[in-house]
Amino acid sequence: MTIVNNGDSEFGNLHLSLANALTKVRIENSVLANGNSPSKPDCTNSSGFSSVVANNSLFDDNSCLPSGLNNLIGINPMLSLILADNGGYTPTLLPNVGSPLLGAGNLSSCLPVDQRGVARNGACDIGSVQKQ
């Protein structure tokens, strides 16, 4: 999953409003970054408790307060700046050369193909697109 440059005038990329502390949002091999303005964080949470369990994911700020393993926090994902036709049914943002997303996913929890239907062979990239 890649959620970048998203949000509205009130919330950031992901707004959590969960009923109780036992409810968790699980995120694997994903990117949450670049809310639609510097004042909009990756996550806003009206629940009052930490609700994100993430593994092998990248957040460009610490607003999600994720628990879990191997997360990259406070790091620029280094994605292309413009949605483009990179194959598949929807426009995508490809990781740039040197992106921390490249090869940083957990292959055992990666989907076998990316958002475009491209096979994830060898190392798994974090996010919805596998760089070839």
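The structure is a predicted model, in which local features need pLDDT of at least 70 and side-chain atom pairs count only at pLDDT 80 or more, while totals for chains, interfaces and linings use all residues. Residues are numbered from 1 along each chain as its sequence is written, and side-chain values use heavy atoms, with hydrogens and water left out.

Four strands, in the order 1-4-7-8, make up an open sheet with parallel pairing. Strand 1 (2–4) and strand 8 are at its edges and have a single partner strand each, so one side of each lacks a neighbour in the sheet. Strands here are DSSP runs of E at least two residues long, numbered from the N terminus, and two strands pair if DSSP finds at least two bridges between them. Strand 4 and strand 7 (residues 58–59) are joined by two bridges in the parallel sense. Across from Phe 59 in strand 7 stands Leu 32.

For Asn 29, phi is near 50 degrees. Asn 29 sits in the loop between strand 3 (25–28) and strand 4 (31–33), and its relative accessibility of 4% makes it buried. For Met 78, phi is near 55 degrees. Met 78 belongs to the segment after strand 8 (72–73) and, at 32% relative accessibility, is partly exposed. In these terms, buried means under 20% relative accessible area, exposed over 50%, and partly exposed in between, using a 1.4 Å probe and protein chains only.

Next come the links between side chains. The structure has two salt bridges, each being a side-chain nitrogen of Lys or Arg within 4 Å of a carboxyl oxygen of Asp or Glu. In one of them, Glu 28 is bridged to Arg 26, with 2.8 Å between the closest N and O atoms. Glu 28 is partly exposed at 22% relative accessibility, whereas Arg 26 is exposed at 59%. The other joins Arg 116 and Asp 114 at 2.6 Å, N to O, and both of these residues are buried.

There is also one disulfide, linking Cys 110 to Cys 124 with an S to S distance of 1.5 Å. Both cysteines lie in the segment after strand 8, 14 residues apart, and the pair links distant parts of the chain. The cut-off for a disulfide is a pair of cysteine sulfur atoms within 2.5 Å. Cys 110 is buried with a relative accessible area of 15%, and Cys 124 is buried with 1%.

On a 1 Å grid over the protein atoms alone, a cavity is a set of points where a 1.4 Å probe fits but cannot get out; a pocket is an open set with protein on both sides within 12 Å along at least five of seven lines; and lining residues have an atom within 4 Å of a point. One cavity of 30 Å³ or more is found in the whole structure. The largest cavity has a volume of about 40 Å³, and its lining includes Val 31, Leu 79 and Ile 126. The largest pocket holds about 160 Å³ of space, with Asn 5, Leu 83 and Gln 115 among its lining residues.

Methods. Grid points are joined across faces, edges and corners, and a volume is the space filled by probe spheres set on the points.
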